Amino acid sequence: MKLAAGLNARDCTSMRAGGRLTSVYAAETTAELNELLQRFISCRILGGGSNTIIADGEVATPVICLGQGFATVSHAGEILKAGAAISTPRLLRYCAEHGLSGLEGLAGIPGQLGGAICMNAGTGGWGILEAITELELVDQSGRRTIDPADLGYSYRDGQLPHGAVVTAAVFRLKQAEPAQIEAAIRANLNKRSGQPKGFSSGCIFKNPEGDSAGRLIDSCGFKGARVGGA
Ligand SMILES: Cc1cc2nc3c(=O)[nH]c(=O)nc-3n(C[C@H](O)[C@H](O)[C@H](O)COP(=O)(O)OP(=O)(O)OC[C@H]3O[C@@H](n4cnc5c(N)ncnc54)[C@H](O)[C@@H]3O)c2cc1C
């Protein structure tokens with residue numbers, strides 16, 4: 001369904017800079033998503049907008065978001081299934097409440113599950129795809145499930161097939177005491193307490209092997225540099 005009013009970049013990205021998306025569609029079901037992907041051969045997928053910068057001015061490229069129909073989560077034993085539109089903080093809260101360990105490395109990372117999978121988001125050397133056993137994808141030809149091991153994912157790059165949208169993921173987690181999981185989450189959040197506050201795209205830069213993007217940016221004198229609103 002098309003959002004009549006479109007979206008301002010400041011309302012849908014953590015950078016809060018950029019222009020206006022004039023052609024935004026929200027898919028609530030796999031069938032709707034498939035129909036939109038068939039209709040718009042060239043389109044963009046927007047998750048939580050925490051790793052996205054939108055150009056200035058009016059942007060007419062069709063943008064597809066996943067609606068609440070994809071923000072589901074449930075588990076049986078140590079197997080958890082979540083929809084791609086669930087926010088990563090909510091997913092982590094669910095895991096802590098139900099004593100499911102394995103995703104504590106997502107602590108402090110904003111956005112949605114689909115975006116996290118696309119970016120193979122995580123902390124240190126760990127990325128979310130390591131905890132996933134099955135991915136549900138939708139593209140122009142329909143819905144399919146894949147084993148993420150077949151993607152050849154790497155550091156902060158999920159290597160999703162071209163044109164594929166993640167709609168859900170199945171995780172294999174480990175049962176643990178909720179208090180233990182919460183302590184691990186708190187410890188990870190504490191490690192971030194020195195990071196800059198305010199609107200940003202957070203860890204948008206990849207760390208090169210053996211160094212940190214933040215240190216390199218600082219040493220070039222680029223910390224705080226601005227181009228337009230970004
Ligand atoms: C304060 C802050 C801290 C951060 N810390 C970290 C960190 O520690 N580690 C880290 O890895 N990242 C970090 N990030 C970056 C970002 O939060 C993650 O990469 C996040 O997982 C992106 O998710 P999103 O839903 O916001 O993605 P978006 O910005 O919406 O999209 C990112 C990419 O994913 C694609 N995408 C989105 N949804 C789907 C989908 N369902 N199917 C297919 N493709 C999709 C988009 O098309 C786009 O290419 C941080 C960002 C901020 C603002």
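Strand β3 and strand β6 (residues 63-66) pair in the parallel sense over four bridges, where pairing requires that DSSP finds at least two bridges between two strands, and strands (E, at least two residues) and helices (H or I, at least four) are DSSP runs numbered from the N terminus. Within this pairing, Ala 27 stands opposite Leu 66 in β6. The model is predicted, so local features need pLDDT of at least 70 and side-chain atom pairs count only at pLDDT 80 or more, while totals for chains, interfaces and linings use all residues. Residues are numbered from 1 along each chain as its sequence is written, and side-chain values use heavy atoms, with hydrogens and water left out.

Both faces of β3 are covered, with Val 24 and Ala 26 buried on one side and Tyr 25 and Ala 27 buried on the other; buried means under 20% relative accessible area, exposed over 50% and partly exposed in between (1.4 Å probe, protein chains only).

A search of the whole structure finds one aromatic pair. Tyr 25 and Phe 40 form this pair, which is tilted, at 4.8 Å centre to centre and 45° between the planes; rings of Phe, Tyr and Trp (its six-membered ring) pair if their centres lie within 6.5 Å, and planes under 30 degrees apart count as stacked, over 60 as edge-to-face and the rest as tilted. Tyr 25 is buried, with a relative accessible area of 6%, and Phe 40 is buried as well, at 15%.

In α2, Leu 33, Asn 34, Leu 36 and Leu 37 are buried. The face of α2 turned away from its buried side carries the exposed residues Ala 31 and Glu 35.
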